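Please find below a note on the fold and on selected residues of the model. It is set out as numbered points.

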Amino acid sequence: MRPFTYERATDAASAVKAVSDNPNARFLAGGTNLLDLMKLEIEHPTHLVDVGRLPLAAIEETADGGLRIGAMATNSLVAADPRVRARYPVLAQAIIHGGSPQLRNKATVGGNLMQRTRCAYFYDTTKPCN
């Protein structure tokens with residue numbers, strides 16, 4: 001693993017600024033994808049901005065009857081939410097079948113959207129797609 005600096009974000013605006021000021025910075029929350037990529041020498045961030053404690057995990061009703069799921073909501077939180085289970089059962093089932101309980105407890109919705117591909121060829125640093 002290569003050396004890097006770390007900071008814990010206190011609000012969303014400072015987190016965005018920290019990453020936008022450094023092209024080699026990355027957001028970190030659960031870390032279930034980024035840390036693997038760093039260990040495999042695929043990602044080489046020089047600075048990590050931890051957004052894991054920002055208050056962005058709420059699951060809220062929207063005016064049109066949908067749900068707004070916060071970026072920091074863990075997969076476990078989303079899959080267990082009674083509104084998700086009732087209105088979006090396929091989403092809840094996909095989350096439950098998509099990883100172990102340990103992974104679901106750390107992985108976040110925002111991280112799921114931002115993760116790099118999990119293609120076996122991508123993880124093999126000798127392949128041209130990497």
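1. Basis of the note. The model is predicted, so local features need pLDDT of at least 70 and side-chain atom pairs count only at pLDDT 80 or more, whereas totals for chains, interfaces and linings use all residues. Residues are numbered from 1 along each chain as its sequence is written, and side-chain values use heavy atoms, with hydrogens and water left out.

2. Sheet order. An open sheet is formed by 3 strands in the order E1-E3-E2, with parallel pairing. Strand E1 (5–8) and strand E2 (25–28) each have a single partner strand and stand at the edges, so one side of each lacks a neighbour in the sheet. On average, neighbouring strands are turned by 25° against each other, direction ignored. Helices (H or I, at least four residues) and strands (E, at least two) are DSSP runs, numbered from the N terminus, and two strands pair if DSSP finds at least two bridges between them.

3. Strand pairings. Strand E3 (residues 47–50) pairs with E1 in the parallel sense over 4 bridges; here Glu 7 stands opposite Val 49 of E3. E2 and E3 likewise pair in the parallel sense over 4 bridges, and Leu 28 has Asp 50 in E3 as its bridge partner.

4. Helix H1. Helix H1 (residues 12–20) packs on the sheet and touches E1, E2 and E3, its direction making about 150° with that of E2. Axes are lines fitted to C-alpha atoms, for helices over the stretch in contact, and angles run from 0 to 180 degrees between N-to-C directions.

5. Ala 18. Which residues does Ala 18 contact, leaving aside its neighbours within four places in sequence? Ala 18, placed in helix H1, is in contact (heavy atoms within 4.5 Å) with Glu 7, Ala 25 and Val 49. Ala 18 has a relative accessible area of 15% and is therefore buried (under 20%; exposed is over 50%, partly exposed in between, with a 1.4 Å probe and protein chains only).

6. Crossover and Glu 41. E2, helix H2 (residues 34–39) and E3 make up a right-handed β-α-β unit; right-handed denotes a clockwise path from the first strand over the helix to the second, with the strands pointing away from the viewer. Glu 41 lies in the loop between H2 and E3. Although not a glycine, Glu 41 has a positive phi of about 65°. Its relative accessibility is 31%, so Glu 41 counts as partly exposed.
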